[in-house]
Amino acid sequence: MLFLVIFVSAFQIEVQAQKKNYISIVVPEEMNIETPLSKYRLAANTLAGSEVTINGKKIKVYNSGAFVDLMKLKFGENKFTLKSKYKNGKTIKKSFSIFRKDKKLKTSTKSKLVIDDEMMLPSQNTWLDSGDILNVRV
């Protein structure tokens with residue numbers, strides 16, 4: 001009986017040693033993303049029982065191997081490295097970048113705004129009464 005327990009335990013250890021670790025990233029959808037957002041969602045999975053970190057910060061891995069995070073972004077390039085370490089010591093890394101752009105519109109001082117009178121509506125002064133509709137074109 002003891003021999004059987006030792007054999008089964010050794011078999012389980014060998015099976016675990018043969019499992020190949022992986023990281024499958026679902027979100028972000030690409031390895032290089034551009035966004036105006038201050039935070040971006042991470043959704044991925046790995047071999048169940050692995051320990052996962054993103055830029056050194058530990059992330060909870062669910063029993064299914066899935067893990068999620070909400071990554072804070074600074075303006076410019078944000079580099080992230082995911083590391084998954086399985087029980088048998090096998091480690092895998094995957095990296096991606098998210099570029100946070102400034103969403104504020106910027107105007108150029110080099111050109112002036114010009115309104116052409118030729119296409120303007122109404123083309124003359126107009127008196128309106130309550131309920132009248134005014135069509136405007138510039």
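Me: Is Arg-100 buried or exposed, and which side chain of opposite charge is nearest?
Reply: Arg-100 is buried yet forms no salt bridge, and the nearest side chain of opposite charge, Asp-102, is 7.0 Å away. Buried means under 20% relative accessible area, exposed over 50%, and partly exposed in between (1.4 Å probe, protein chains only). A salt bridge is a side-chain nitrogen of Lys or Arg within 4 Å of a carboxyl oxygen of Asp or Glu. For charge, Lys and Arg count as positive and Asp and Glu as negative, while His and the chain ends are not counted.

Me: What kind of model is this?
Reply: This is a predicted model, in which local features need pLDDT of at least 70 and side-chain atom pairs count only at pLDDT 80 or more, whereas totals for chains, interfaces and linings use all residues. Residues are numbered from 1 along each chain as its sequence is written, and side-chain values use heavy atoms, with hydrogens and water left out.

Me: Which backbone oxygen does the side chain of Arg-100 reach?
Reply: The side chain reaches the backbone oxygen of Leu-73, at 3.0 Å. Leu-73 is also one of the residues in contact with Arg-100 when neighbours within four places in sequence are left aside; others include Thr-35, Phe-75 and Asn-78. Contact means heavy atoms within 4.5 Å.

Me: In which strand is Arg-100 found?
Reply: Arg-100 is found in strand β8, residues 91-100. Strands (E, at least two residues) and helices (H or I, at least four) are DSSP runs, numbered from the N terminus.

Me: What is the order of the strands in the open sheet?
Reply: The open sheet of five strands has the order β2-β8-β7-β4-β5, with mixed pairing. Its edge strands are β2 (32-35) and β5 (57-59), each of which pairs on one side only. Two strands pair if DSSP finds at least two bridges between them.

Me: How many bridges join β4 to β7?
Reply: Four bridges join β4 (residues 51-54) to β7 (residues 76-85), and these strands run antiparallel. Ile-54 stands opposite Leu-82 in β7.

Me: And which strands are joined to β3?
Reply: Strand β1 (residues 23-27) is joined to β3 (residues 39-46) by four bridges, and seven bridges join β3 to β6 (residues 66-72). Both pairs run antiparallel. Val-27 stands opposite Ala-43 in β3, and Tyr-40 stands opposite Met-71 in β6.

Note on methods
Polar contact = N/O pair within 3.5 Å; in protein donor to acceptor, adjacent residues only side chain to side chain.
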